[in-house]
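Thanks for making time this morning. I would like to walk you through one structure, so please have a look at it before I go on.

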Amino acid sequence: MPMAFVLVNADLGAEEDLLKKLREIQNVKDVYVVYGVYDIVARVQADTMEKVKETITWNIRRLDKVRSTLTMIVVEA
């Protein structure tokens with residue numbers, strides 16, 4: 001099943017709010033607040049790669065308080 005990890009940079013102090021919003025998005029399976037260059041890691045999994053891309057492009061990247069994202073498509077699990 002197609003899967004990707006999305007690393008998210010959030011506005012300062014918006015991590016918990018984004019965590020809740022990301023958990024409500026269909027196809028977002030896991031979400032973690034992390035320390036480091038990025039603030040949040042989300043695992044996206046769907047029936048097709050097109051749905052994975054749509055979830056990232058239309059749902060995650062357009063959330064308020066998301067400053068930037070970096071997507072890593074899983075090639076082999």
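What you see is a predicted model, in which local features need pLDDT of at least 70 and side-chain atom pairs count only at pLDDT 80 or more, whereas totals for chains, interfaces and linings use all residues. Residues are numbered from 1 along each chain as its sequence is written, and side-chain values use heavy atoms, with hydrogens and water left out.

Let me start with the core. By a nonpolar core I mean a set of buried Ala, Val, Leu, Ile, Met, Phe, Trp, Tyr and Cys residues joined through side-chain atoms within 4.5 Å, where buried stands for under 20% relative accessible area, exposed for over 50%, and partly exposed for what lies in between, with a 1.4 Å probe and protein chains only. The largest such core has 19 residues, and those that touch the most other members are Leu22, Val28, Val31, Val44, Ile56 and Ile60. At least two residues of this core come from each of β1 (3-10), α1 (15-23), β2 (28-33), β3 (40-45) and α2 (49-60), and β1 gives the largest share, four residues. Helices (H or I, at least four residues) and strands (E, at least two) are DSSP runs, numbered from the N terminus.

Now to the salt bridges, each being a side-chain nitrogen of Lys or Arg within 4 Å of a carboxyl oxygen of Asp or Glu. There are four in the structure. In one of them, Asp17 pairs with Lys21, with the closest N and O atoms 3.4 Å apart; these two residues are four apart in helix α1, and therefore about one helical turn separates them. Asp17 also meets Lys65 in a salt bridge, again listed at 3.4 Å from N to O. Because Lys65 lies in the loop between α2 and β4 while Asp17 is in helix α1, this pair ties together parts that are 48 residues apart in sequence.

Arg43 and Asp30 form another salt bridge, their closest N and O atoms being 2.7 Å apart. Here Arg43 sits in strand β3 and Asp30 in strand β2, so the parts tied together are 13 residues apart in sequence. Through shared partners, salt bridges join Asp17, Lys21 and Lys65 into one network.

Finally, Met72, which is found in strand β4 (residues 66-73), is partly exposed, with a relative accessible area of 40%.
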